[in-house]
Amino acid sequence: DELRSGVDAEHELALPQDPAAAERSLQLRIASSAIPVEGPGITITLDDSHATTTNERVRDYDLQVVTNALWESGAEAIAINGQRLSSSSAIRSAGSAILVNLTPLAPPYVVSAIGDPLNLQVEFARTGAASQIATLRDTFGLSVSVDTAENLELPAASETALRFAEPVP
């Protein structure tokens, strides 16, 4: 956090005083998950049932389907249990654990998405993910809830690795 604050301060000093350039830079930093964001949105909570079979547990694939559907539905930023997703994020399993950004998570899995809450709910309900989580709930007993939030706070992505850069003319 301290290093990120220092980088942000240097960024502000180096940024041209052109308001349009500053706004574009801000939008790019939000889109790349490089800075924390807050705003209204929805949360989708998935929790394992009380049984012990694999089908009665939330899987990495379930979280992938939900987050992809939220992006498709117009989400501006997404986090799972506080792990902000970026273009290089991975949601995968390692044994019985689900890893997001290489961080092991424990149920319940709270997927927070920033965007217009009504639009996100309506568009999400139109996706195949909505029927998939309904099947998980009805057939396998997983706990599923979708709630609106007036203000969600999502952290910056834990790591943003620069792999390629070139000067802008």
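Which residues of α5 are buried?

Modeller: This is a predicted model, in which local features need pLDDT of at least 70 and side-chain atom pairs count only at pLDDT 80 or more, while totals for chains, interfaces and linings use all residues. Residues are numbered from 1 along each chain as its sequence is written, and side-chain values use heavy atoms, with hydrogens and water left out.

The buried residues of α5 are Ala-129, Ala-130, Ile-133 and Leu-136. Buried means under 20% relative accessible area, exposed means over 50%, and partly exposed lies in between, using a 1.4 Å probe and protein chains only. Helices (H or I, at least four residues) and strands (E, at least two) are DSSP runs, numbered from the N terminus.

Helix α5 covers residues 128-140, which makes 13 residues. From its first C-alpha to its last it reaches 17 Å, close to the 18 Å expected at 1.5 Å a residue. The expected span is 1.5 Å times one less than the number of residues.

An α-helix has 3.6 residues a turn, so residues three or four places apart point the same way. On the other side of α5, Gly-128, Asp-138 and Thr-139 are exposed.

Next, the surroundings. The buried residues of α5 pack against β1 (37-47), α3, α4 (117-125) and β8 (143-154). Contact here means heavy atoms within 4.5 Å.

Ile-44 touches Ile-133, and its other contacts include Val-66, Leu-70 and Phe-124, not counting residues up to four places away in sequence. Leu-46, also in strand β1, counts as buried because its relative accessible area is 1%. With residues up to four places away in sequence left out, Leu-46 touches Ile-133 as well as Val-58, Leu-63, Val-66, Pro-108, Tyr-109, Ser-143 and Val-144.

A nonpolar core is a set of buried Ala, Val, Leu, Ile, Met, Phe, Trp, Tyr and Cys residues joined through side-chain atoms within 4.5 Å. The largest such core has 28 residues, and those with the most contacts inside it are Ile-44, Leu-63, Leu-70 and Phe-124. The elements that give two or more residues to this core are β1, α3, β2 (77-80), β5, β7 (109-114), α4 and α5. Of these, α3 gives the most, with five residues. In soluble globular proteins, nonpolar side chains tend to be buried together. Apart from this core lies another, of seven residues, among them Ala-79, Ile-114, Ala-149 and Leu-154.

Finally, the end of the helix. α5 is followed by Gly-141, whose phi is positive, near 80 degrees. Gly-141 is touched by Ser-49, which also touches Glu-56, Phe-140 and Leu-142, again not counting residues up to four places away in sequence. Ser-49 lies in the loop between β1 and α3, and it counts as buried because its relative accessibility is 13%.
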